[in-house]
Amino acid sequence: MDIAPENVLHSKIFNDTLRKWQCSNTELSPHNLMLPLFISESDDAIEEISSLPEVCRFGVNRIREFLEPIVKLGLQSVLLFGVTNKSKKDEIASFADAPENPVIRVIPLLKTWFPNLTVACDVCLCPYASHGHCGILTADNIIEPKASRKRLAEVACSYAKAGADIIAPSDMMDGRIKEIKSQLAELGLISRVCVLSYSAKFQSNFYGPFRDAADSGAKFGDRRCYQLPCGSKGLALSAVKRDVREGCDLLMVKPAMPYLDIIKQTKEEYPEIPLFAYQVSGEYAMLYHGAKSGVFELKSALKESLTGIRRAGADCIITYYSPKILKWFQKMPQIFKTLSADDEELKSSFKKLNDSFVEKYNGLQPDFFVRVPGRVNLIGEHVDYNGYCVCPMAIKQSILAAVKSVDNSLNVSMSNVENKKYADYSCKLDKIVIEIESNKPPAWYQYVLCGFKGILETSRVQPSKGLIFHICGTIPPASGLSSSSALVCAAALSLSVVLNVDFSNTELAEITAKAERHIGTEGGGMDQAIIFNAKKGTASKISFDPLKLTEVSIPQKGVFVIAQSMVTKNKAASNDFNARVVECRLASLIIAKKLGLNQWHEYKKLADVQNSLKYDLGKMLQVVSEIFHGNYYSKDEVCQILDISESRLEDEFLTKNTKFIEEFKLKDRALHVFGEALRVEMFCKICETTKSLPELGRMMFESHTSLKNYYECSHAALDRLVAVCSMNGAFGARLTGAGWGGCIVALVAADSVAEFVKSVKASYAGQIPTTVDTANLIFVTKPGIGASVFNPLILEDNRMMESALGRTISESDGAFKDYVPKVGLIYHKESPQLVFCKPKLMPLKSLTLERLEKLQEDSDKALKEAKTAQRTN
Ligand SMILES: NCc1[nH]cc(CCC(=O)O)c1CC(=O)O
């Protein structure tokens with residue numbers, strides 16, 4: 001043997017479980033995080049802080065909407081900082097405990113909104129003092145110790161009275177812990193208010209962004225006479241010891257990363273006292289900008305620094321990254337699913353796909369499966385790129401992928417079960433080229449490459465392995481049900497699992513929407529948003545800038561029927577789609593110009609014009625009728641109205657494939673957009689209120705008429721189907737998707753849908769070309785679930801496990817959430833996940849315990865001696 005067994009370390013860390021055993025007590029769970037919050041004194045404000053990117057100050061009226069989702073993700077504690085403006089500041093920081101102070105006003109609200117949230121308040125004078133120092137100053141600007149600690153205790157008590165759970169003095173004045181404790185005792189609050197002392201707080205360069213955020217910088221001098229000097233190890237220990245003696249309940253070291261040794265020293269001295277470490281503003285900004293400029297990937301660098309702080313001995317980390325970290329925790333469990341027992345159809349599709357995979361790839365088995373649904377837009381056509389809401393839902397038809405990662409190669413093999421129609425393709429992950437020939441639809445695998453490229457570009461991860469991506473699908477292509485976006489999404493989701501980069505659903509939607517532009521489609525992001533976020537049983541109203549989804553529940557008694565026109569249309573293969581985009585753009589520029597908006601050339605979306613004018617949609621329709629004529633506008637006429645040259649028109653407002661269009665229809669297009677935006681609002685309102693199916697249907701018929709007459713994007717085959725649906729009793733029907741072909745969607749009564757489908761099917765008689773797959777010609781669909789990843793266990797029969805368990809296995813049971821890497825894998829990227837770590841075991845005998853025992857012994861002895869003395873007397 002060339003190496004002694006005790007020198008072999010690799011044997012201890014070759015798989016994930018072994019590695020986890022080596023990292024005990026460094027896990028991150030929600031209770032290990034505390035979120036600092038800046039409360040602005042302007043109640044309705046949300047103010048960005050330029051030196052703390054993505055962190056905001058919130059007014060009392062805005063904090064609830066911000067916190068609610070984070071509390072839902074598991075946030076357990078917050079640390080409040082009040083912010084005020086100069087005019088309220090004075091020598092003694094009066095505003096710190098004034099009744100109007102935003103912190104004092106927000107505490108009771110927080111406690112009613114979130115009864116289980118632990119609320120801590122920073123106590124200091126600097127944000128409220130005119131001089132910006134943390135204590136009271138004498139006339140010659142020296143810290144006045146006694147006045148300082150009295151004032152700090154007053155402030156602390158005012159927060160305690162308002163309902164704070166924790167008081168956290170950050171001022172570093174001598175004696176303030178003792179003073180605060182005795183004031184709390186006088187108030188009768190000693191046992192229900194906890195004191196977290198900023199005990200080892202160093203004078204630091206890393207507080208810069210915070211002082212911006214809280215406007216708390218010293219107006220002259222600095223804090224070196226009360227905050228610890230960087231190199232002072234012994235003094236830090238003395239500071240901690242003093243605060244313990246004075247009775248603090250919790251300890252803190254601050255900043256965190258440059259002071260890991262102080263964290264360790266403090267934890268070793270007081271293992272029985274929970275220790276906080278503050279990852280301060282400068283540390284936040286440093287990680288943020290490092291990641292932004294490509295030095296590292298934020299998530300893994302942040303995880304490393306937090307694990308390091310935990311390893312040094314911190315029990316809780318105060319960090320501005322808490323919301324992000326909690327979001328990342330959430331990610332994995334929600335994405336992996338096991339099929340529910342009643343999903344026979346999907347199970348058998350996966351089985352077929354699995355068999356085809358095994359056969360094609362010589363016995364290899366897929367690692368996991370992905371299902372990505374198509375979608376149907378119920379109402380709101382051609383309005384997304386104008387900034388208005390749409391209302392889609394996910395459908396049953398979907399793309400299924402069987403995926404296997406391939407080590408030691410960056411090769412991607414892409415194949416489709418229907419390999420006659422869709423030929424195999426392979427390439428290297430680090431050399432993806434997407435070249436589209438103009439006026440030809442892109443090849444199927446080019447959509448796949450878009451998805452891969454999106455993930456690689458956004459995660460900045462160097463791919464470490466390749467994959468096999470084998471798919472089948474039931475979404476009819478080029479029919480307006482989003483088969484192409486589903487393919488891009490399936491590829492992106494698969495690669496993100498293979499490379500173990502976990503994005504949230506919202507991030508995946510953004511990434512894939514952007515990635516599809518590599519193919520040349522300028523979509524508004526609706527398809528990807530619904531594909532990743534759809535919930536079973538509801539449609540979604542989606543608004544843009546920023547992207548937001550609201551659930552829309554469709555009345556129970558209605559179902560949707562989708563029917564294909566058999567006329568196919570590929571968005572990327574002609575300029576019809578972009579022509580409409582451009583016509584809307586010109587209409588909006590002209591309205592802006594004619595109504596005298598400054599910077600008219602910036603109004604490229606009709607919604608932007610409406611927002612600036614502050615008119616309602618009805619008024620916008622009136623404006624359009626007044627300022628446009630109904631004929632075609634020539635390029636010349638447009639240039640004249642806008643007072644620009646033809647070359648500026650082409651370069652600034654037209655696109656590559658619309659430069660050569662000579663005439664534009666403007667009035668009708670704008671009438672459609674504003675009218676359709678109004679119908680979307682009404683449709684969603686009806687779902688919420690009367691739930692009347694005939695009213696919903698009417699909106700759909702009206703939408704179709706508008707698309708046909710004003711937007712001129714229908715087709716005779718679509719018009720025929722809408723008429724057939726109407727004749728057979730549908731409440732409503734309309735073309736869905738971009739138009740010029742594709743599908744219609746009809747709203748039908750659930751109890752008569754079978755007959756309805758039969759009659760509409762009959763109307764196709766003699767018209768179906770042999771090339772069309774009749775299985776999906778017309779189908780019934782209810783709102784379905786969004787994209788999901790399934791583990792391979794589904795292929796074994798669930799029922800066996802179910803009978804053993806004596807219950808049905810539900811989707812949330814997800815059998816595994818993580819992949820166990822192969823033995824000896826050199827590179828494994830960990831993803832943070834929700835682990836409930838064991839409480840840290842206290843050492844059997846701590847130093848303090850020893851001291852206590854000694855005290856006890858001494859007093860016992862003294863007592864005994866006293867007694868003996870008494871007796872002998
Ligand atoms: N005394 C106020 C206080 N409380 C917390 C921080 C810094 C927090 C951070 O930088 O994130 C400071 C700044 C300072 O001492 O100047």
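I note that the model is a predicted one.

I then asked myself: is arginine 242 buried or exposed? Arginine 242 counts as buried, at 17% relative accessibility, because the cut-off for buried is under 20%. Aspartate 174 is partly exposed, with a relative accessible area of 49%.

**Second pair**

I turned to aspartate 249 and found a salt bridge with lysine 181, the closest N and O atoms being 2.8 Å apart. Here too the pair links distant parts of the chain, 68 residues apart. Aspartate 249 sits in the loop between H7 and strand S8 (250–254), while lysine 181 belongs to helix H5. I looked up accessibility: aspartate 249 is partly exposed at 30%, and lysine 181 is buried at 12%.

I also noted a network, in which salt bridges that share partners join Arg580, Glu583, Lys665, Asp668, Arg669 and Glu712.

**Third pair**

I checked the total: the structure holds 36 salt bridges. One that I looked up is between aspartate 97 and arginine 151, whose closest N and O atoms are 2.9 Å apart. Aspartate 97 lies in the loop between strand S4 (77–83) and helix H3 (102–113) and arginine 151 in helix H4 (residues 145–162), so this pair ties together parts 54 residues apart in sequence. Arginine 151 is buried, with a relative accessible area of 8%; aspartate 97 is partly exposed, at 23%.

**The sheet**

In what order do the four strands of the open sheet stand? I read the order as S22-S23-S19-S24, with antiparallel pairing. Strand S22 (732–736) and strand S24 (778–781) are the edge strands, each pairing on one side only. On average, neighbouring strands of this sheet are turned by 25° against each other, direction ignored.

I followed strand S19 (residues 558–564) and found four bridges joining S19 to S24, the two running antiparallel. Isoleucine 562 stands opposite phenylalanine 779 in S24.

Last, I looked at helices on the sheet. Helix H23 (residues 693–709) lies across S19, S22 and strand S23 (743–749), and runs at about 40° to S22. Helix H25 (residues 753–762) packs on the sheet and touches S19, S23 and S24. The direction of H25 makes about 160° with that of S24.

Conventions:
Residues are numbered from 1 along each chain as its sequence is written. This is a predicted model: local features need pLDDT of at least 70, side-chain atom pairs count only at pLDDT 80 or more; totals for chains, interfaces and linings use all residues. Side-chain values use heavy atoms; hydrogens and water are left out. A salt bridge is a side-chain nitrogen of Lys or Arg within 4 Å of a carboxyl oxygen of Asp or Glu. Buried means under 20% relative accessible area, exposed over 50%, partly exposed in between (1.4 Å probe, protein chains only). Two strands pair if DSSP finds at least two bridges between them. Axes are lines fitted to C-alpha atoms, for helices over the stretch in contact, and angles run from 0 to 180 degrees between N-to-C directions. Contact means heavy atoms within 4.5 Å.
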